[in-house]
Protein chains: 2
Amino acid sequence: MNGAETLLATLEHNGVEVCFANPGTSEMHFVAALETSTRIRGVLGLFEGVVTGAADGYARMSGNPAVTLLHLGPGLANGLSNLHNALRAGSPIVNVIGDHASYHRDLDAPLTSDIEGTARPFSHWVRTTSGEESLGVDAAEAVTIARRGKIASLILPADAAWNPVASGAPLVAAQAPAGGVAQTAAAEASARVLREGGPRTALLFGGRAATAEALALAAGIAAATGAEVLTNTHLGRIPRGAGRHAAKKVPYPIKDSLPLFERFDSLVLIGAKPPVAFFAYPDRPSRLTPPGTRFVELSGPGRDADALPSLQALYEAVGAAPAPATELALPQRPTGSITPEKLGAFLGHGIPEDAIVVDESLTTGWRFYPETVGSRPHDWLAGTGGSIGYAMPVAAGAAIASPGRKVITLESDGSGMYMPQALWTQAREGLDVVTLILANRKYQILRNEMSNVGVPEVGPKAGALLDLDRPEIDWVSIARGMGVQASRAETMDELGKAFDAAVAGEGPALIEVVL
Amino acid sequence: MNGAETLLATLEHNGVEVCFANPGTSEMHFVAALETSTRIRGVLGLFEGVVTGAADGYARMSGNPAVTLLHLGPGLANGLSNLHNALRAGSPIVNVIGDHASYHRDLDAPLTSDIEGTARPFSHWVRTTSGEESLGVDAAEAVTIARRGKIASLILPADAAWNPVASGAPLVAAQAPAGGVAQTAAAEASARVLREGGPRTALLFGGRAATAEALALAAGIAAATGAEVLTNTHLGRIPRGAGRHAAKKVPYPIKDSLPLFERFDSLVLIGAKPPVAFFAYPDRPSRLTPPGTRFVELSGPGRDADALPSLQALYEAVGAAPAPATELALPQRPTGSITPEKLGAFLGHGIPEDAIVVDESLTTGWRFYPETVGSRPHDWLAGTGGSIGYAMPVAAGAAIASPGRKVITLESDGSGMYMPQALWTQAREGLDVVTLILANRKYQILRNEMSNVGVPEVGPKAGALLDLDRPEIDWVSIARGMGVQASRAETMDELGKAFDAAVAGEGPALIEVVL
């Protein structure tokens, strides 16, 4: 066995099932080692952001660490922006980053760069293996870290990959993640707050705390106390629809989020931090809550496993009873011309049973969330770190983690252009992903933000950096070029037909929705 | 005036002409300030790697600092891999990276990350401005750094951009780059080496030293001493073709580069370092030169301006005379089926007068270089840092810097898929770029490297990470989807017709060359 084989066997031994990869020369031994793995599947991305985004999507849906394979500093660099989202989603990821052979690094060959320094801002744990004999321990430790919902980046010099390892040592086991612990003192403090002023209190979910069970408990607590259940604007994953318990999402626009929090004296935080504005704006506060708002941390950020037992303790402390789940309530499917409002109802009507919705619809889609409360049960995945272009890669990984489930990607034309290569991976792997491109031909969010930051008027030179209509992007051509069947919808009826066919079919499809 | 306007005015005052941009909310005041700039042109890229790659191409061709505008840590991250190439090319670049307002940063909003830490591995100079009043000085210092062929990254918190600046202060001037200095002692040492054993000596060019004048002097020196003129494998820019003086490029494959250097006892280094292998391979040396090779540094890496006067001194010291320039010698245009060998001759025949060739042809194109020695005069730009996907963005920037010149991009299908969004910018700006996609449907370079690193056979699981044929990428569709006219060539005759039409026309065109 060589180092690469030891690394891969250790990952396999610890339950890793998929390696999302964009390899280069220094990773060839790792790639060759994949040949002998019976359990780990290699998935090729033609750009590293696809690789890391797919790993994020896979990790969000499976809960299991995803492994990426990246090529030196620049390969890692291309994957960083989606690692930023993964980090904010609490997704378990092990990055394996190839490097020059250890003795080659100091020679400053063209591809040499500071890989550890590049990884650090977007990783919880960074290590360059000290050599082939350490790789078993390193790989197990990386999985241990990842299982805590963190990003572990293991740098693999080529000689550590290709050197033979003294055989006979048993494979190293990673640590199991820590179990959840009920925060009883916090539950009692929360119960006091709720008893004192339930209707002026909100339960705010963040991180990975918003599971179906946790939301059901929160709904019971809310019913017993008059409190409201909120979630952060962008969660990595939240179960929604019929049979689940709904929560109100904190709106993204600051003009809407500030008034929301004026209704509350107190916030009970469940995996969330005190809420802040996504961006700062001149003459607006950065904190979304009024001064004097009281915060009680029921379970801390990054301690997602504590959320459920702590909520259970709170549920009991306030004497809550089961709250009724959301009933199926499908909007009518709209007809005629396409408007953002109608698209919300269309989605509410059409989300398939047990679907995974990956949402990067931004300005078009701010109306979609309330319209899908009573839809068929589904999971909703959002852009946790605000880095754009995450949706199509995340959809690919989510589909790989969830065979048999349909994935619906709500993509903007501007956002989609960051990592369109994800479509090719969707086609290659035959993934059941239906992508709606909501094409408004501009960075509408930036036109909105211009006025938010106090720029009253956008002139032609500035506007040229905000509009996408010259040339128009033809998403049908782009998708077909990457092997994905595609069509364009200019009316709700065309959209309905295309959507029904895409959902009924197998493999990926894309529909350009002209707004 | 606010901070953003001061920053932009200072850049303009110091000769900046183009800002390649992919802005976000925190950059809106900078975008608005562009409206009032009479001299700086904003160019939109739909992905940050396009922005930084275009800046690299612009800087290589104009010699003038290019400015990029990037959105917080993830936006910067998406641009890093092409900054790596720019750094290795010695391209002058000023990155302006927006950040949250200074008072908002500690609140850890979703887009918050360590921007300085992210910039540092790919920058020579990193600074977060201390506020709007410092921006004039900061901008001038960034230009000073960039003018030395370096990457300067200036982080601009949103409040520094939008706060008013006390008026009246004159705009700050950047320092002029240092002039070149003849390294006379080094020239004398080089002359001694050449007199002792000219035919066993090579002059090796690296960095930005290989200008037309420098190569002419080197040719004279070689003719007088029997030495050979070599260049590093990947130069940012080298003038070639008829009327210029040719140099032999160090081959990329280690099986070819090792024997080359066995012919020499001594190397005279002109902006180059002692040559090393691009990658390490088991049982191969990392240094390309045999032990005992003598190195004389005529002008140091990063001191490109010294190269010309130092060569002049060496030229005089060895009593050289002008060497004849390369004569025009066009290969016949081949016909019939398409092979990589014929493509070399096709290019040699077809490169237009004064064209800019951006080369990322990798395995297909290793034959192209010798076939184009006697072509019409042109500049040849290569992937200096080994980070893949650079060519189409660099072509866009090179074209913007060089109105009236045709740009020919030699792109591989695998490499092209990293940043295809560059085609959209080429269409938007109406750039005269002709892209040849050399489509072999695989990462052939990795298949080659597999055997180089000692993996004799590629099995199906490993091969699945190296082949691009499932699904086939339809580059004609992708290009048209981004507004670039495109066609497919399956014979040399089809290629000839399409190429002639593309070169004769205006605006970008793409030809998928099926291998």
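Author: Let us begin with a term: a polar contact is a pair of N or O atoms within 3.5 Å, where, within protein, one must be able to donate a hydrogen and the other to accept it. The model shown is predicted. Across the interface of domain 1 and domain 3 of chain A, ten residue pairs are in polar contact, both residues being at pLDDT 80 or more.

Reader: Which elements of chain A each supply at least two residues of the side of domain 1 that touches domain 3?

Author: They are strand E1 (18–21), strand E2 (41–44), helix H3 (48–62) and helix H4 (72–89). The largest share, ten residues, comes from H3(A). By class, this side of domain 1 has eleven nonpolar, ten polar and four charged residues.

Reader: How many salt bridges are counted between domain 1 and domain 3 of chain A?

Author: The count is one salt bridge. The side chains of A:Arg41 and A:Glu429 meet in a salt bridge, with an N to O distance of 2.8 Å.

Reader: How is the size of an interface expressed?

Author: It is often given as the accessible area lost when the parts come together. Between domain 1 and domain 3 of chain A, about 2000 Å² is buried, and carbon and sulfur atoms give 66% of that area. In domain 1, the residues that lose the most area to domain 3 are A:Val50, A:Arg60 and A:Met61, together 29% of what that side buries.

Reader: Where do these domains lie in chain A?

Author: Domain 1 covers 3–162, domain 2 covers 184–317 and domain 3 covers 340–514. The centres of domain 1 and domain 3, taken over C-alpha atoms, are separated by 29 Å. Their contact takes 25 residues from domain 1 and 26 residues from domain 3.

Definitions and conventions: Residues are numbered from 1 along each chain as its sequence is written. Chains are lettered from A and ligands numbered from 1 in the order in which they are written. This is a predicted model: local features need pLDDT of at least 70, side-chain atom pairs count only at pLDDT 80 or more; totals for chains, interfaces and linings use all residues. Side-chain values use heavy atoms; hydrogens and water are left out. Domain bounds come from an automatic or database domain assignment. Contact means heavy atoms within 4.5 Å. Buried area is the accessible area (1.4 Å probe) that two parts lose on being put together, summed over both. A salt bridge is a side-chain nitrogen of Lys or Arg within 4 Å of a carboxyl oxygen of Asp or Glu. A polar contact is a pair of N or O atoms within 3.5 Å; within protein, one must be able to donate a hydrogen and the other to accept it, and residues adjacent in sequence count only if both atoms are side-chain atoms. Helices (H or I, at least four residues) and strands (E, at least two) are DSSP runs, numbered from the N terminus. Ala, Val, Leu, Ile, Met, Phe, Trp, Tyr, Cys and Pro count as nonpolar, Asp, Glu, Lys and Arg as charged, and the others, Gly among them, as polar.
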